[in-house]
Amino acid sequence: MGMSLVKLVVWISWLAMAVGAEYVKYKDPKQPVAARIKDLMSKMTLAEKIGQMAQIDRSVATEQILRDYSVGSVLSGGGSEPLPEAKAKDWINMVNAFQNGSLSSRLGIPMIYGIDAIHGHNNVYNATIFPHNVGLGATRDPELVKKIGAATALEVRATGIPYVFAPCIAVCRDPRWGRCYESYSEDHKVVEQMTDIILGLQGDPSMSRKGVPYVGGKGKVAACAKHFVGDGGTTGGINENNTVIDMHGLLSMYMPAYSQSIIKGVSTVMVSYSSWNGQKMHANRELISGFLKNTLKFKGFVISDWQGIDRITSPPHANYTYSVQAAIQAGIDMIMVPFNLTEFVDDLTYLVDSKVILMDRIDDAVQRILQVKFTMGLFETPMADFSLVNELGSQAHRDLAREAVRKSLVLLKNGKPGSTPLLPLPKKTSKILVAGTHADNLGYQCGGWTINWQGFNGNNSTRGTTILGAIKSTVERSTEIVFRESPDANFVKSNKFDYAIVVVGEPPYAETAGDSTNLTMVDPGPSAINNVCGTVKCVVVIISGRPIVIEPYVSAIDALVAAWLPGTEGQGVTDVLYGDYRFSGKLPRTWFKTVDQLPMNVGDSHYDPLFPLGFGLKTESGASIVSR
């Protein structure tokens, strides 16, 4: 009898354990997020918590590393892809393989895969490439930007990715900055309006609590407001440099878009490489913990930039243990390591074990990371499927991008004084000239952060329509089109062209590679303008990420259009050049006369622009023009 009782007790306790093993509170979607986080964190070791705080690049990630270290996140840096011209299914298979590693870890916490999708899903072959932010700023159309966010989210999810490092909500105050095209405007109010893109990327959190991270299902992605804070205000526009401004200026110029982003439910915030009054933002506890988390009540997670903590020291990585300490104590929750995982893990473990970093700070970071993962449904659907693959580069999204191009173009001049306007152009005529470095170059048209980090040259790296291609499909068949990238003056004179379209501008660049003190167009742009516009009526279309030196040529030009970096849908340019739609864009930035005037923003005492912020001529039906 006694033995039977013992057996019964053992059996009952085993049964209780078995039942308990089947029910895990943090895996129960019916439980409130807070209860799931609390349950999961109670089961996590320090090593698992530190693993969650690490983000590594796909090039160093393996299933085993993700499993053994319980790594929180994997990313694709600019141009980092599973294979050249990878299709949506290739991306999905890669992401899911990594996720298998995470799900096979002790607690099965899914990793979150992130990517820079800053003007569409720009790392991916055949994706729709939308205009860069400066062009979207010219539209002054937050509803359009919201639609672009929604389209981008679908294309990113089409490849199995749930997290994007966008939008950039920098307020670029100096066009010499190489990231100025990632900024919607020099006017912080325009930038604030454009944070509506978050509602497109993540979904509209109108039914949830304001200021809490929100991602509305499998067709939406977690977004990231960046780069906190003051990245667009550095001295001389030097990338990653020092922004000198008092607290009042910081709060009125650079902070409002973060406040708006948080209200709209942004899931993450990325810290800026730059400094504020000499202090590295990656080590700024006052602004990250004090202002962003405590004052603005941001509840998502704060992520570093790529090797951002390494750059706390000069030279970078000179004292990594100190970098880890300074960054984590400042309030950064997830570190974009991105290569040397064990160094980060070892250093942070040492700092916690030696009580330099308190467990409360680790728990704050992990709680925020898990908050985003639970909220977006990552625990319920960690694996991607193929259901959205046809969204990648879909015609509907290309049509939306084409609309965005139309609305982003700014008409700066239309007809010389005393003469009739040149635009809109006639589709039926005998012979026209198309010239310039940017007329038939998809890479130049898309700019940096397209397929590769620094962009590409030519027409073969992704699918789209160049401006020359758009002209060919727009004019009447009987109209002869002659294309010369750099025609000499005699060639132009010896042909009877009815008009010419000259497309010139900047080559692609990203980040520091784009910093420029002279802001000139790439050669032979100037000679193309001079050789063509002296002889035949010409419209000059500028493809650039910012205002460039154009003042010396304006008097010779009949019509002048700022087209920014329009992306893959070149037909948006011809839609307005040929009058199918009217020009409506307004300058998102002041267009300077000479670089000696810089920095020069609206409201400055020395404000004497070639074209002021908000300028833009407008074509109506026919060819009449009104200023706006």
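A: The lining of the second largest cavity comprises two nonpolar, four polar and four charged residues, where Ala, Val, Leu, Ile, Met, Phe, Trp, Tyr, Cys and Pro count as nonpolar, Asp, Glu, Lys and Arg as charged, and the others, Gly among them, as polar. These residues are Trp177, Arg179, His227, Asp231, Asn239, Glu240, Ser272, Tyr273, Ser274 and Asp305. The space inside amounts to about 60 Å³.

The model is predicted, with local features requiring pLDDT of at least 70 and side-chain atom pairs pLDDT 80 or more, while totals for chains, interfaces and linings use all residues. Residues are numbered from 1 along each chain as its sequence is written, and side-chain values use heavy atoms, without hydrogens and water.

A cavity is a set of points, on a 1 Å grid over the protein atoms alone, where a 1.4 Å probe fits but cannot get out; lining residues have an atom within 4 Å of a point. Points are joined across faces, edges and corners, and a volume is the space filled by probe spheres set on them. Three cavities of 30 Å³ or more are counted.

The largest cavity holds about 110 Å³. Its lining has 16 residues, with Ala117, Ile118, His119, Asn133 and Ile197 nearest the centre. Helix 6 (133-139), helix 7 (142-158) and helix 9 (197-202) each give two or more residues to this lining, helices being DSSP runs (H or I, at least four residues) numbered from the N terminus. The lining of the largest cavity divides into twelve nonpolar, four polar and no charged residues.

Terms used
On a 1 Å grid over the protein atoms alone, a cavity is a set of points where a 1.4 Å probe fits but cannot get out, and a pocket is an open set with protein on both sides within 12 Å along at least five of seven lines; lining residues have an atom within 4 Å of a point.
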